[in-house]
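Thanks for making the time this morning.

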Amino acid sequence: MHLSCRAMTTESVRLDPPAFRNLVPETWRALVAISTSLKQSGLGDELIEFVKIRASLLNGCQFCIALHTDDARKLGIPEQRIQALEHWRDSPLFQPRERAALAWTDALTHLSKGDVPDAIYREVSGAFSEAELAALTAAVVVINSWNRIAMAYRFPPEAATGVRR
């Protein structure tokens, strides 16, 4: 997996995570609250980390890739599965429910290509209850928000080890 496909230097950092958090504390807390609420969604920590890593890979957010691959390793997710997220469609390492979640993640992250195709919606709605699908959608939305913040300010990947949301 090319977890560092785009190199950034610390000179290019526009704002570090603590400074952003201090400038907009209510926004930071709101995003953290959404992220935290997902733990009670029933989706499971592993699936949520897969979503976070996959969206971050698609967006090229090196900070979030570093943060969430580290979180995935701490959960005990095998390195092979983490690495396989880059090309999950070609990997036999994911179960149907995970594949549906990853397809949903891809579709929601790439909305510039149009809305979510019916086939993907049928797949994901067949694998998740309405409440789970709403939580899954929130997980994709919040990681895309974090990606955009981190990329706008060029949060450095090495800062991910000191940031806990």
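Before the packing angles, a word on how they are defined: axes are lines fitted to C-alpha atoms, for helices over the stretch in contact, and angles run from 0 to 180 degrees between N-to-C directions. Helices themselves are DSSP runs (H or I, at least four residues), numbered from the N terminus.

Please keep in mind that this is a predicted model, in which local features need pLDDT of at least 70 and side-chain atom pairs count only at pLDDT 80 or more, while totals for chains, interfaces and linings use all residues. Residues are numbered from 1 along each chain as its sequence is written, and side-chain values use heavy atoms, with hydrogens and water left out.

As for confidence, pLDDT is the predictor's confidence in each residue, from 0 to 100; the mean for the protein is 91, and 91% of its residues reach 70 or more. Residues 1-10 have a pLDDT below 50, and this stretch makes 22 contacts in the model beyond near neighbours in sequence, where contact means heavy atoms within 4.5 Å.

Let me begin with helix 3 and helix 6, which pack at an angle of about 35° with their axes 10 Å apart.

Helix 2 and helix 8 pack at an angle of about 145°, with axes 9 Å apart, and their crossing is left-handed. Here W28, L31, V32, I34 and S35 of helix 2 meet A138, V142, S145, W146 and I149 of helix 8, which by class gives eight nonpolar, two polar and no charged residues.

Which residues have the most contacts inside the largest nonpolar core? They are F63, W104, F128, L136 and W146, in a core of 49 residues; such a core is a set of buried Ala, Val, Leu, Ile, Met, Phe, Trp, Tyr and Cys residues joined through side-chain atoms within 4.5 Å. The largest share, ten residues, comes from helix 8. In soluble globular proteins, nonpolar side chains tend to be buried together.

Leaving aside residues up to four places away in sequence, K52 touches H68 and I143.

S91 lies in the loop between helix 5 and helix 6 and is buried at 10%; with that same exclusion of residues up to four places away in sequence, S91 touches A84 and R99.

Finally, in the segment after helix 8 we find R154, which has a positive phi of about 55° although it is not a glycine, and which is partly exposed at 29%. Most residues other than glycine have a negative phi. F155, also placed in the segment after helix 8, is buried at 2%, and its C-alpha atom is 9.0 Å from that of S12, 143 residues away along the chain.

Key
Buried < 20%, exposed > 50% of the residue type's maximum accessible area, 1.4 Å probe, protein only. Helix = DSSP H or I, 4+ residues; strand = E, 2+ residues; numbered from the N terminus. Left-handed = near helix turned anticlockwise from the far one by under 90°. Nonpolar A, V, L, I, M, F, W, Y, C, P; charged D, E, K, R; others polar.
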